[in-house]
Amino acid sequence: KKKKKKKKIPVYKFNHFKNSGLATCDTLVLMGALTTRGFPMFGNDFINQVGSVLSPVTMPLVLMGITSSTLMTVFLSVERYLAICWKKTITYKKVYISMTVIGTYTFLSFLPTFWLRKITTKDGIITSEMNEDLNRNKNFHQYVLYIPNLILRFILPTIVLIVTSILTIK
């Protein structure tokens, strides 16, 4: 039986594909931040209301976007290390799998944050407010918000980026 040759992918197309995942996450963060933080600066009650109503959805999406972007940057760093030091190329299939795993893991790990705020109606005005029961739960904050964020968005990425940078320079 003949072995299939791996198809060589032009570097510029491959880099564009990987960076589009980062661009998607960064756009998600920007749009979420604008709707919840940027619009209220206009001082218009309607725009403030839109940001308030959207915040139960946009805030978790911003957290997901930041974490996905961080993990994709770490993935790119490891991929560059393997390409430079070990002369290993990465295929589209591996990139698809890696981005799917990063996106799915981030979505599932931040899914509980959708319940931090709830949409309510006060005096005929739709708004959002904190979910008091969930926000009083210290275990929720510690094990769902603080520890995963500390590990996934700071400690792990920092260590991996430092190690791959040092090993690449050597």
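1. Val29 counts as buried, at 19% relative accessibility, where buried stands for under 20% relative accessible area, exposed for over 50%, and partly exposed for what lies in between (1.4 Å probe, protein chains only). Val29 lies in helix H1, and helices here are DSSP runs of H or I with at least four residues, strands being runs of E with at least two, numbered from the N terminus. Although Val29 and Val62 are 33 residues apart in sequence, their C-alpha atoms are 4.6 Å apart in space. Leaving aside residues up to four places away in sequence, Val29 touches Val62, Gly65 and Ile66, a contact being heavy atoms within 4.5 Å.

2. A word on the basis of these values: this is a predicted model, in which local features need pLDDT of at least 70 and side-chain atom pairs count only at pLDDT 80 or more, while totals for chains, interfaces and linings use all residues. Residues are numbered from 1 along each chain as its sequence is written, and side-chain values use heavy atoms, with hydrogens and water left out.

3. As for the overall plan, the protein has 5 helices and 2 strands, which follow the pattern α-α-α-β-β-α-α when read along the sequence. Of its 170 residues, 33% count as buried. Among the contacts with a separation of 6 or more, 69% are accounted for by residues 24 or more positions apart. The protein exposes about 11,800 Å², of which carbon and sulfur atoms supply 67%; accessible areas come from the Shrake-Rupley method with a 1.4 Å probe, and for residues only the protein chains shown count as cover.

4. The largest nonpolar core has 11 residues in all, namely Leu22, Cys25, Leu71, Met72, Phe75, Leu76, Ile90, Val95, Met99, Ile102 and Leu152. Such a core is a set of buried Ala, Val, Leu, Ile, Met, Phe, Trp, Tyr and Cys residues joined through side-chain atoms within 4.5 Å. Two or more of the residues come from each of helix H1 (11–38), helix H2 (45–85) and helix H3 (92–110), and H2 gives the largest share, 4 residues. A second, separate core of 5 residues includes Leu116, Leu134, Phe140 and Val144.

5. Cys25, one of the residues of the largest core, is buried with a relative accessible area of 9%. Not counting residues up to four places away in sequence, Cys25 touches Gly65, Ser68, Ser69 and Met72. Cys85, by contrast, is partly exposed at 33%, and the count of disulfides (pairs of cysteine sulfur atoms within 2.5 Å) comes to 0.

6. The count of salt bridges comes to 1, a salt bridge being a side-chain nitrogen of Lys or Arg within 4 Å of a carboxyl oxygen of Asp or Glu. The side chains of Arg80 and Glu79 meet in it at 3.7 Å, N to O. Arg80 is partly exposed at 34% relative accessibility, whereas Glu79 is buried at 6%.

7. Ile155 has its place in helix H5 (residues 138–169) and is partly exposed, with a relative accessible area of 35%.
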